[in-house]
Amino acid sequence: QEGKLPEISFEESSNKPNLTKDLAAEIGKNIIDRNPAGPTKLDEKEWLSVIEPEAIANLLIEEGLQNFNPKDFDPAIRLVDLKISPDKSAVAAEIYLRTFRDILQYDFQNAKVDLNSSDLAGIEEVVRAYSQAIKDFYQLAVPEQLVDIHKKQIGLLIGQKKVFEALANHQKDPMKAYLAGQIFGEIVERISFLNNSIASFIKTNNLKI
């Protein structure tokens, strides 16, 4: 199975992206399947040899949260690090949103993960794509009225990058990879919400994107 990455469509939708089903829902099972031999015990508790993700979720959380901080996947973005433009015109907003969309399309055009491969083929390229997109968004001048959307987008990109970094390291730290996969589903929901916010802004301001 090939995992597709989140996209911003700029179209209002009450439906969550298929990514939660197609990728996040597969992560837990795949991580466990790839690590059937270990660890065999966690603080003297037996590691289940045949498991569904739901059956071990509580154990993983109980043991894994000692070195796992969910806040790392939802970072605060500082205004001082952004390039904020005082231009509040419709044209400035249109240029910003077109560039917003172009960054995602260009940086992620070749980024995909093969969930069936033993090494999650393509995942390093995905991580690089997130790094580039984060850099591009920090360099992108944002009109004042779109700063909140801009901050949320950068935060979501950073969160997604951290998820894929954890997945890339699943053989050394399967527990963190599993937990990161669960958080990924929440990130996808926030992407859907942000997409609707952008679509509403475009509609309200009669923008041509």
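Select Phe-108 to begin: apart from neighbours within four places in sequence, Phe-108 is in contact with Leu-5, Ile-103, Ala-129, Tyr-130, Ala-133 and Leu-157. Keep in mind throughout that the model is predicted.

Next, widen the view to the nonpolar core. Phe-108 is among the residues with the most contacts inside the largest nonpolar core, together with Leu-97, Phe-100, Phe-164 and Ile-198. This core has 52 residues. Colour the helices α3 (90-107), α4 (123-139), α5 (147-168) and α6 (174-204), each of which supplies at least two residues of the core. Which helix gives the largest share? That is α6, with 13 residues. As background, nonpolar side chains in soluble globular proteins tend to be buried together.

Show the side chains of its buried residues: Ala-92, Ala-93, Glu-94, Tyr-96, Leu-97, Phe-100, Ile-103, Leu-104 and Asp-107.

Go to Arg-78 and Asp-81, whose side chains meet in a salt bridge at 2.9 Å, N to O. Is Arg-78 buried or exposed? Arg-78 counts as exposed because its relative accessibility is 51%, and the cut-off for exposed is over 50%. Asp-81, at 34%, counts as partly exposed.

Move to α4 and select Glu-125 and Arg-128. The two form a salt bridge, with the closest N and O atoms 2.9 Å apart. Both residues lie in α4, three residues apart, which is about one turn of the helix. An α-helix has 3.6 residues a turn, so residues three or four places apart point the same way. Arg-128 is partly exposed, with a relative accessible area of 49%, and Glu-125 is also partly exposed, at 33%.

Finish in α5 with Asp-148 and Lys-152. Their side chains meet in a salt bridge at 3.2 Å, N to O. Lys-152 and Asp-148 are separated by about one helical turn because they are four residues apart in α5. Lys-152 is partly exposed, with a relative accessible area of 38%, and Asp-148 is partly exposed at 45%.

Note on methods:
Residues numbered from 1 in each chain as written. Predicted model: local features only at pLDDT ≥ 70, side-chain atom pairs only at ≥ 80, totals over all residues. Heavy atoms only, no water. Core = buried A, V, L, I, M, F, W, Y, C linked by side-chain atoms within 4.5 Å. Buried < 20%, exposed > 50% of the residue type's maximum accessible area, 1.4 Å probe, protein only. Contact = heavy atoms within 4.5 Å. Salt bridge = Lys/Arg side-chain N within 4 Å of Asp/Glu carboxyl O.
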